[in-house]
Every structure is written in C-alpha cells, then in structure tokens.
Amino acid sequence: MINASEWKEFKISDLFDCKLSKGDLKESECDEGSINLVSSGTLNNGIVKRIEEAGDGKAEIFTGNCLTLDMFCNCFYQDEKFYSVSHGRVNILIPKFELNRQIGLFIATLLNKEQYRFSYGRAVYNSFAENIVIKLPTTLSGSPDWNYITDFMNEIETRERESSSNLRNSIKTSNASKNDKINTDGWKEFSFDELFIIKKGTRLTSDDMEPGNINFIGAIDNDNGVRETIGNGFKYDGNCITVNYNGSVGEAFYQYEPFWASDDVNVLFLRDRLMNKYIGLFLCTLIKKEKFKYSYGRKWNLEQMKKSFLQLPIDKVGKPDWDYMENYVKKLPYADKI
C-alpha cells in the first residue's frame with residue numbers, strides 16, 4: 001500500500017483551470033457522429049453519445065488530455081476531444097502542468113474518493129470544484145512528484161495486464177471469434193408494457209429480515225443487484241429482469257433463480273414467452289442504455305416504465321426476434337461459460 005502520510009495538499013485550482021461548457025448542448029438534439037459527448041454519470045467515462053463535430057454551433061470542443069468532474073463528483077480522464085453538456089453539470093479541468101494519461105487516472109481516482117461528501121443533494125458546482133483539496137506525493141522542492149505518479153501507475157497497469165492475461169489463459173471458450181457489430185437499421189420500438197408484465201418489488205425492512213440463502217435484490221449497481229441473502233422465502237420466480245427505479249436508477253440484472261426484490265425495484269417478465277439467460281442479458285444491456293434519462297433524482301416508477309420504449313430486432317412479421325437475440329449472445333466469446 002502507498003504511504004500517503006507525508007503527501008502534501010493541493011487545491012484543484014492549483015493544478016487546473018476549471019471550466020464549464022458554453023451553449024445549451026442537448027443529447028437528444030444532436031445527430032450521431034464521431035465526437036464524444038460527456039455528461040454526468042458513472043458509466044462509460046461519462047460519455048453518453050458520439051455526436052457530429054458541428055455540435056450545436058455554440059458549444060466548445062475540448063481538446064482532450066484533461067479531466068471531467070461532474071456535479072456528483074464522478075471524475076474521468078478524457079483522452080480524446082469531446083463536447084460536454086451545459087448547465088453546470090460537468091466541470092472541465094484543464095491542466096496547468098504537463099498531464100499524461102497515468103497522472104490523469106491517478107488524480108481521477110483521488111477525486112472519486114471524495115464522492116461521499118456530495119450526497120443528499122449537495123453538488124460539485126464550478127466554484128466548489130476549484131476548492132476541492134487532494135493530497136499528492138511531492139518532490140524535495142514541494143511540487144507534485146509527477147514522475148513518481150507516472151511510474152506508479154505504469155506498474156499498476158503492468159500488473160493488471162499480466163493478471164488479465166493469466167485469467168484469459170485459464171478460461172477456455174469454444175466461441176473464439178467476436179460477433180460482427182450489430183446493425184440496428186430496421187429495428188422497431190416496443191413499449192415496456194407490450195413486452196413485459198411489470199411487478200413492483202415488495203418492501204422488507206432490515207428488522208424483519210431472517211437469515212437464509214434467498215437472494216434479496218436491492219436498488220444497487222453491483223453483485224447482480226443482490227444486496228444480501230434472507231430466509232423469508234421468495235416473492236418472484238427466476239428467468240426475469242430486475243430494474244431499479246430508485247437508488248441506482250436504471251440498473252438492470254437478469255435473475256436466474258427465485259428471489260425477493262425490494263420496493264425500490266421493478267420486476268419484468270416477458271409477456272409472450274419464458275425468458276432465458278441469453279435473452280435476459282441482451283435485454284439488460286439495452287435497458288441500461290436508458291438510465292441516462294433518470295439521473296438528477298428522477299425515478300423510473302412503474303407507470304413511467306410501462307410507457308418507456310426499447311428498440312429491438314424484429315422477425316418477418318414485425319415481432320421481437322427472440323431467436324436472434326438468444327443466438328447473438330450465445331455466439332459471443334465466453335458465452336459458453338455463462
């Protein structure tokens with residue numbers, strides 16, 4: 001572990017110029033293109049879409065090799081040029097020193113550690129971002145030791161590559177080739193209500209939970225939604241999807257065995273056939289793509305979800321092509337290990 005006891009404190013404003021995007025760039029009004037559009041959120045480096053280079057004609061393109069810090073203190077290193085949404089959602093940290101990817105990732109990790117300070121409605125506004133304090137290793141002169149940080153991160157990345165290589169070599173798959181990129185031309189929109197029977201989860205307080213081995217699904221974003229295991233029995237059969245409408249809104253997980261879902265979770269069963277793990281995983285990926293619509297405290301409640309839409313591949317009669325979805329996932333590398 002790093003010994004940070006002798007590290008020195010630096011304000012963000014000591015290291016970066018903190019800027020905001022100009023204009024009123026909206027994802028829904030931008031055509032697809034090749035330039036990243038960064039918004040607030042925890043996924044995909046904050047990138048919500050790739051848009052045309054022209055943007056809205058007002059917003060600035062940032063050159064990359066900088067950091068983005070959103071209003072919830074999610075920080076990412078951006079290596080390519082990008083646009084950012086406006087309204088103060090994302091702070092762009094332009095370095096006053098010679099930044100590289102290793103240093104960017106190091107500082108982003110430190111800033112992400114500050115997220116606990118910005119719950120309960122507190123936001124990282126521009127003036128606040130400038131005054132956040134982080135600790136960094138220093139040289140004898142007291143300036144940040146960028147060489148140490150770069151060497152440290154290079155060592156971490158080398159270990160990760162070796163670990164990943166060892167893992168890949170230890171797991172064999174008969175699906176050696178990658179699928180071609182999906183062509184979504186001709187896909188059709190279906191409402192959630194057309195596709196799913198949607199049930200609201202059932203409240204169970206911590207005081208009423210009994211010890212056991214039944215999965216309890218909460219509104220979290222990890223461990224397949226399993227917050228803990230209980231002995232109160234199960235409320236829902238498997239072969240379905242759970243979607244958080246509160247908490248980590250929009251997180252979707254395929255559940256393969258019976259479970260209990262909290263009242264912050266909606267449970268989705270296919271209407272016209274029994275779901276399986278391949279179809280479930282295909283649908284979960286698409287559902288998660290909708291989560292950007294429910295940031296900033298918006299909840300995806302039962303009635304809103306019924307009116308929401310998913311684009312799906314269709315068969316010759318215009319119905320969802322479940323066989324295509326299943327076979328697509330089955331052919332992915334390591335799908336034979338699911």
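The structure is a predicted model, in which local features require pLDDT of at least 70 and side-chain atom pairs count only at pLDDT 80 or more, whereas totals for chains, interfaces and linings use all residues. Residues are numbered from 1 along each chain as its sequence is written, and side-chain values use heavy atoms, with hydrogens and water left out.

The chain contains eight helices and 18 strands, where helices (H or I, at least four residues) and strands (E, at least two) are DSSP runs numbered from the N terminus. Its C-alpha trace spans about 70 × 50 × 45 Å along the principal axes. Of the 338 residues, 42% count as buried; buried denotes under 20% relative accessible area, exposed over 50% and partly exposed in between (1.4 Å probe, protein chains only). Contacts are defined by heavy atoms within 4.5 Å. Among those between residues at least 6 apart in sequence, 68% join residues at least 24 apart.

The N-terminal end of helix 2 is capped by Asn100, a side-chain oxygen of which lies 3.1 Å from the backbone nitrogen of Gln102. Such a polar contact is a pair of N or O atoms within 3.5 Å; within protein, one must be able to donate a hydrogen and the other to accept it, and residues adjacent in sequence count only if both atoms are side-chain atoms. Gln102, Ile103, Gly104, Phe106, Ile107, Ala108 and Leu111 are the buried residues listed for helix 2.

At its start, a side-chain oxygen of Asn276 reaches to within 3.0 Å of the backbone nitrogen of Tyr278. The buried residues of helix 6 are Tyr278, Ile279, Gly280, Phe282, Leu283, Cys284, Leu286 and Ile287.

Helix 6 (residues 277–288) packs against helix 8 (residues 322–330) at an angle of about 90 degrees, with the axes 8 Å apart. Helix 6 is therefore roughly perpendicular to helix 8. Axes are lines fitted to C-alpha atoms, for helices over the stretch in contact, and angles run from 0 to 180 degrees between N-to-C directions; those under 35 degrees count as roughly parallel, over 145 as roughly antiparallel, 65 to 115 as roughly perpendicular and the rest as oblique. Tyr278, Ile279, Phe282 and Leu283 of helix 6 meet Trp322, Met325, Glu326, Tyr328, Val329 and Lys330 of helix 8 in this contact.

Asn244 belongs to strand 14 (residues 240–244) and is buried, because its relative accessibility is 0%. A polar atom of the Asn244 side chain lies 2.9 Å from the backbone oxygen of Ile220. Not counting residues up to four places away in sequence, Asn244 touches Gly218, Ala219, Ile220, Val249, Gly250, Glu251, Asp264 and Val265.

Two non-glycine residues in loops have positive phi values. Asn65, with phi near 55 degrees, is in the loop between strand 4 (47–51) and strand 5 (66–70) and is partly exposed at 29% relative accessibility. Cys73, with phi of about 70 degrees, is in the loop between strand 5 and strand 6 (75–78) and is buried at 0% relative accessibility.
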